[in-house]
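Q: Hey, I've got a structure open and I'm a bit lost. Can you walk me through it?

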Amino acid sequence: MKITLDHLTKKFPNRDKTKGDVTAVGDFCFDIPDGKLIGLLGPSGCGKSTTLNLISGLETPTSGRIFFGEDDVTKLPPEHRGIGLVFQNYALYPHLTVRQNILFPLQNLKGKNKLSKEQMNEKALEAAKLVQIDELMDRKPSELSGGQQQRVAIARALVKMPRVLLLDEPLSNLDARLRLQTREELRRIQQKTGITTIFVTHDQEEAMSISDEIVVMKSGIIQQIGKPQDVYDSPANLFVAKFLGTPPIDVFNGTVKGGKLYIGDEAVLPAVGVEDQDVYVGIRPEGFILNDKGAFTCQLQNVEVMGRDTSVVSTHKESLNVTIRSIISAENKVDTASKDVRFDLKPYKVFLFNKETEKRILFGGQLAADVPAEMEESLDTAAGRTDSQSK
Amino acid sequence: MKKSNNWKAWLYLLPALIFLGVFMIYPLIDVFVYSFQEGYNSASQSYFGVGWYNYSYVLHDPYFLQAVKNTFLIVIITVPISTGLALLLSVMLSSIKKLRQLYQTIYFLPYVTNTLAVGLVFMILFKKTPYTDGLVNLIIKMFGGHSVDFIEGPYWAKMFVMCFYTIWVVMPFKVLILTSALASVNQDYYKAAKIDGTSKWRTFTRITLPMISPMIFYLIITGFIGAFKAYSDEVAIFGTNLNAAGMNTIVGYVYDMLYGDSGGFPSYASAAAIILFVIVLTITVINLMVSRRNTHY
């Protein structure tokens, strides 16, 4: 089911009556393609849960419209929208068994949709099998682990075969190990059922790893929409660049002068086609190449060796982060006795941002959102990095 | 725990143990002993013999039987009605936003009002005097009915006033407990139910009720115990001579046997008290068994 959000806006009255309304979701325009897994990503308070509630119908929008396929569902109450919602705390009924929990939505069906007992049991078992909890049917939620409860919640949301599945911070109540397992499980279930799925998270890694597309939000405004890797490789503004990636991007104050990018006094890269101006320079940790004669000098603090690669921690007076973290291959040996460390920079891992608007400034043939062919190889290493971080 | 620490633990517990022992355990045992001593005299500390005579006397005393009948009627009528009504009021209170605070305060007023003062108000409402028939009778007459003497009239009228009063007095506490129980139910359950298209009634019976069932059982159990121990409410309405009014309760009977006009019989009072204790214990155990079976988490 394709979902269209058309100028969707939700304002809440301010607690302080003298001030204006608080905009939780501002002018949201977005098509969610059929059968895709979409991650709504942003820091807490950015309006992502409100967006989810608007789609589910638990909240009504101040203005704008929501379409499921061709149907305008803006005014439709949640129960008629055909959605399944998984809550952050799962909201399993504690006094009912797993089976009764999964049956609950089916028992609500009335009229021509009413199912016989056998049909209901069959459907419940089917949903339970899908999430692999069919052996726990007679247990109470309190007798299940966090991951199992999560599965029951998904089964309960899926049993009615919803048109859209919504998940609110589905993994945040799980421990790190289980989170990794469950997110793959989520992906599998989503692909098997083919139900359009939207999930909300503040964890960029989670969103990047399983989403077909991510929507990065800040203060109720969409910052960027795209395939996770595209958004990572080509952030639209400084916020998106900073929000995505572990370890986070290193940001510096820089200047473009005469077609060259300066950080401090050093000309680190050619910046063809950019007017002279002060800029923010964002460099991905994997964008550094260790080179004794490199153009960019930082003050070495320490070196962390993590098996496959090495993390060089250094400082620079123009850096906006306290320390600069650069990831280099472990084959490179860093002279830890030295005070300074010198790098060359990979141009496609360096992003320039306008000082005022914080919008991206493309330079030296960088393309917006599309991935150049020569970058393919480095992308793989970038993806590899994220994984090794999470394990 | 190490043995050397044991005496310390007992030492710390001692103040509470002494207090409980002197004011709870000792009197309990004492009452139990009195109840088997025939004609115990507290002044001379003497008695005639030991046996079941006190129980036999009490159980054959028409005043006691009347008191048991009254008490049971009050329990059976007031506990279910007050709990049910409190549940209804709490649900209604929880579903409104405007004026909720005001209503909560109003419902809570009886709780902080003196029993005897409330009794006085009920007298004005129900009592027949040479000057007026009472407010309620005025209303009955307005609708063309015959006036009834609620305080000194037929048994059913007196029992009606009694139950009405009891329900009204115990309501605030129950509403208070149930509104807070309702408020503590996680809203996500209701959202989940709403998304699944659960009807209001089904949401109430399948989600709300089970979620607050521990509190309901708590109220039923304490309600039973409280109603069995009813006495002051009866005095507030019918005065101290409850036997004459035919509205005595078991606790009232115990009191009369000790200090009443016909009093001075600690042995009979003890036997009646032990009978009440056994009744309350039995009913509480049954209640607990039922609630265990119906509370699932």
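Q: What pLDDT does chain A average?

A: Chain A averages 85, and 93% of its residues score at least 70. pLDDT is the predictor's confidence in each residue, from 0 to 100. Over residues 370-391 of chain A the pLDDT is below 50. That stretch still has 21 contacts in the model beyond near neighbours in sequence, where a contact means that the C-beta atoms of two residues, placed from the backbone, lie within 7 Å.

Q: How should I read the low bits?

A: Where pLDDT is low, the predicted coordinates should not be read in detail.

Q: Ok, which domains does chain A have?

A: Domain 1 covers 3-233 and domain 2 covers 238-390; the bounds come from an automatic or database domain assignment. Their C-alpha centres lie 36 Å apart.

Q: What's the strand order in the sheet that contains β6 of chain A?

A: In chain A, the order is β6-β7-β8-β3-β9-β10, an open sheet of six strands with mixed pairing. Strands (E, at least two residues) and helices (H or I, at least four) are DSSP runs, numbered from the N terminus, and two strands pair if DSSP finds at least two bridges between them.

Q: Why do β6 and β10 of chain A have one side without a neighbour?

A: They stand at the edges of the sheet and each has a single partner strand, so one side of each is left without a neighbour there.

Q: And do β7 and β8 of chain A run parallel or antiparallel?

A: Parallel: five bridges join β7 (164-168) to β8 (196-201) in chain A. A:D168 stands opposite A:V200 of β8(A).

Q: Which helix lies across β6 and β7 of chain A?

A: Helix α4 (146-158) of chain A does, running at about 165° to β6(A). Axes are lines fitted to C-alpha atoms, for helices over the stretch in contact, and angles run from 0 to 180 degrees between N-to-C directions.

Q: What about the sheet with β13 of chain A?

A: Six strands of chain A form an open sheet ordered β13-β12-β11-β14-β20-β21, with antiparallel pairing. Its edge strands are β13 (266-270) and β21 (360-361) of chain A. Seven bridges join β11 (250-257) to β14 (277-283) in chain A, and A:V251 stands opposite A:G282 in β14(A).

Q: Where is A:P247?

A: A:P247 is in the loop between α8 (238-243) and β11 of chain A. The peptide bond from A:T246 to A:P247 is cis, with omega near -10°.

Q: How many residues of chain A are in contact with chain B?

A: 17 residues of chain A are in contact with 15 of chain B. β6 (83-86) and α2 (98-107) of chain A each supply at least two residues of the chain A side.

Q: Last one: how do α3 and α12 of chain B cross?

A: The axes of α3 (62-95) and α12 (250-259) of chain B come within 8 Å and cross at roughly 150°. They are therefore roughly antiparallel; angles under 35 degrees count as roughly parallel, over 145 as roughly antiparallel, 65 to 115 as roughly perpendicular and the rest as oblique. Residues making the contact include B:F64 of α3(B) and B:Y253 of α12(B).

Definitions and conventions. Residues are numbered from 1 along each chain as its sequence is written. Chains are lettered from A and ligands numbered from 1 in the order in which they are written. This is a predicted model: local features need pLDDT of at least 70, side-chain atom pairs count only at pLDDT 80 or more; totals for chains, interfaces and linings use all residues.
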